[in-house]
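Please look over the protein shown here. A short report on its parts follows.

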Amino acid sequence: MANEALLRLERVSKRFGGGIVGLDDISLDIAEGEFLSLLGPSGCGKTTTLRVIAGFESPTAGRLLIDGRDITALRPFARPVNTVFQDYALFPHMNVSENVEFGLSLRAMASAERKRRASEALARVGLSDKAGQRVQALSGGQKQRVALARALVCEPRLLLLDEPLSALDANLREQMQLELKRLQRDLGTTFVMVTHDQTEALSISDRIVVMNRGHIEQAASPATLYDRPATRFVAGFIGAMNLLPARIAGADAATTTVTAGGMTFPVASGPGTSVPPGPEIVAGIRPEDVVLTAAEEPSAGATAGVVDNTSFHGRSLRVHLHLADGTALMADVTRGTLPPTVGQGDRVSVSVRAGAACALLPAAG
Ligand SMILES: Nc1ncnc2c1ncn2[C@@H]1O[C@H](COP(=O)(O)OP(=O)(O)OP(=O)(O)O)[C@@H](O)[C@H]1O
């Protein structure tokens, strides 16, 4: 793996004054051409990770390697890395083209060549017609594109993006997510993006690094994080998840039979679904994998539940219910699959959908 990674973070820690832990022993390989997102709650260390990669912060322990070469001591401008900042950091007194050219001004390059590259970068982000405009006259989305062009004009090996879309409204944000992804695919440049928006991370990234309190909880593809969260934290952080105390009722090569909340269901064996060690485990069951039927008596493997309330979610209805032992559960039910009048106090039969990707997790952590 050592030679495959474009960037390797090797046991990187960052402590600030007063004993504040920014990063706690982080190791991560980032492959060439990857779109990687750093995701996690406020204060988990996303920005610190980005700043350490950019060279704006020095790690207090560990090292960084690009193509196997130690860059830990290199100044920011000496790294093949560029950053797009959250507030764009454009120069208001320069026009669009000058802002983009500025990215090249630290390099000895003929003016004609600078202009050619700047106009190529502006074309990439669809702003050729704005080259001579003042940046104040641009919309938020256009400013974001200028910031991208200014970073990309230097042809970095690695582009770092710090919450690049957070200042945009919801519609524009979604459009820019698609554009970012397209740009990254076209260029083949490695992108590392900080975001606290899980929907954004899930829709745009090849891989997501979920961080918590300065360490990495899990680094995996969006589908793996969703279907096979490695920890309770990830299970609770990505999407909605029912976490029920569980026990193993049996196992063979293909499946593990799990009992949780009075329900018995098979979980397919395979990578990421091994039973965690320790006596206490929880089963993570997505609301869309909980099946409700209006039956009076639960069938085999199912249990009885009582509806507490329902909320409208477009195509589906989220049903909050409780089981006989008091356990609270969420179920997302496709509209029309339950009687339209189902509501508070109604009894339903509750089971886990056959073939559901349930996560078996240690109770602690
Ligand atoms: N320059 C600094 N001096 C002291 N503490 C810092 C400094 N920068 C970050 N920290 C602390 O390090 C921890 C990680 O901060 P960081 O900014 O990396 O989090 P984040 O995940 O990017 O959060 P947010 O989503 O709020 O931006 C926090 O506890 C933060 O207060």
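## Helix 1

In helix 1 of this predicted model, the buried residues are Lys46, Thr48, Thr49, Leu50, Arg51, Val52 and Ile53. Buried means that 20 or more other C-beta atoms lie within 10 Å of the residue's own; exposed means 12 or fewer, and partly exposed falls in between, with C-beta atoms placed from the backbone. Seven of the nine residues of helix 1 are buried, so the rest of the structure largely encloses this helix. Just after helix 1 comes glycine 55, with a positive phi of about 95°.

Helices (H or I, at least four residues) and strands (E, at least two) are DSSP runs, numbered from the N terminus.

## How the model is read

Residue numbers start from 1 along each chain as its sequence is written. The model is predicted: local features need pLDDT of at least 70, side-chain atom pairs count only at pLDDT 80 or more, and totals for chains, interfaces and linings use all residues.

## Around the ligand

Which residues surround the ligand? They are Phe16, Ile20, Gly22, Gly40, Ser42, Gly43, Cys44, Gly45, Lys46, Thr47, Thr48 and His196. Helix 1 has the largest share, three residues.

By type, the shell holds three nonpolar, eight polar and one charged residue. Here Ala, Val, Leu, Ile, Met, Phe, Trp, Tyr, Cys and Pro count as nonpolar; Asp, Glu, Lys and Arg count as charged; the others, Gly among them, count as polar.

## Two open sheets

Strands of a sheet pair through backbone hydrogen bonds, either parallel or antiparallel. Two strands count as paired if DSSP finds at least two bridges between them. Strand 1 (residues 5-16) and strand 4 (residues 61-66) share five bridges. Leucine 7 stands opposite isoleucine 66 in strand 4.

Another open sheet has five strands, ordered 15-19-16-17-18, again with antiparallel pairing. Strand 15 (290-293) and strand 18 (328-334) stand at the edges with a single partner strand each, so one side of each has no neighbour in the sheet. Neighbouring strands here are turned by 45° against each other on average, direction ignored. Strand 16 (residues 303-313) and strand 17 (residues 316-323) pair over eight bridges. Valine 307 stands opposite leucine 321 in strand 17.

## An exposed glycine

Glycine 355 sits in the loop between strand 19 (347-352) and strand 20 (359-362). It counts as exposed, with 11 C-beta neighbours inside 10 Å. Glycine 301 is 54 residues from glycine 355 in sequence and 14 Å away in space, C-alpha to C-alpha.

## The whole protein

The protein has eight helices and 20 strands. Its C-alpha trace spans about 80 × 45 × 40 Å along the principal axes. Of its 365 residues, 37% are buried.

How values were computed
A residue is near a molecule or strand if its C-beta atom, placed from the backbone, lies within 6 Å of it. Axes are lines fitted to C-alpha atoms, for helices over the stretch in contact, and angles run from 0 to 180 degrees between N-to-C directions.
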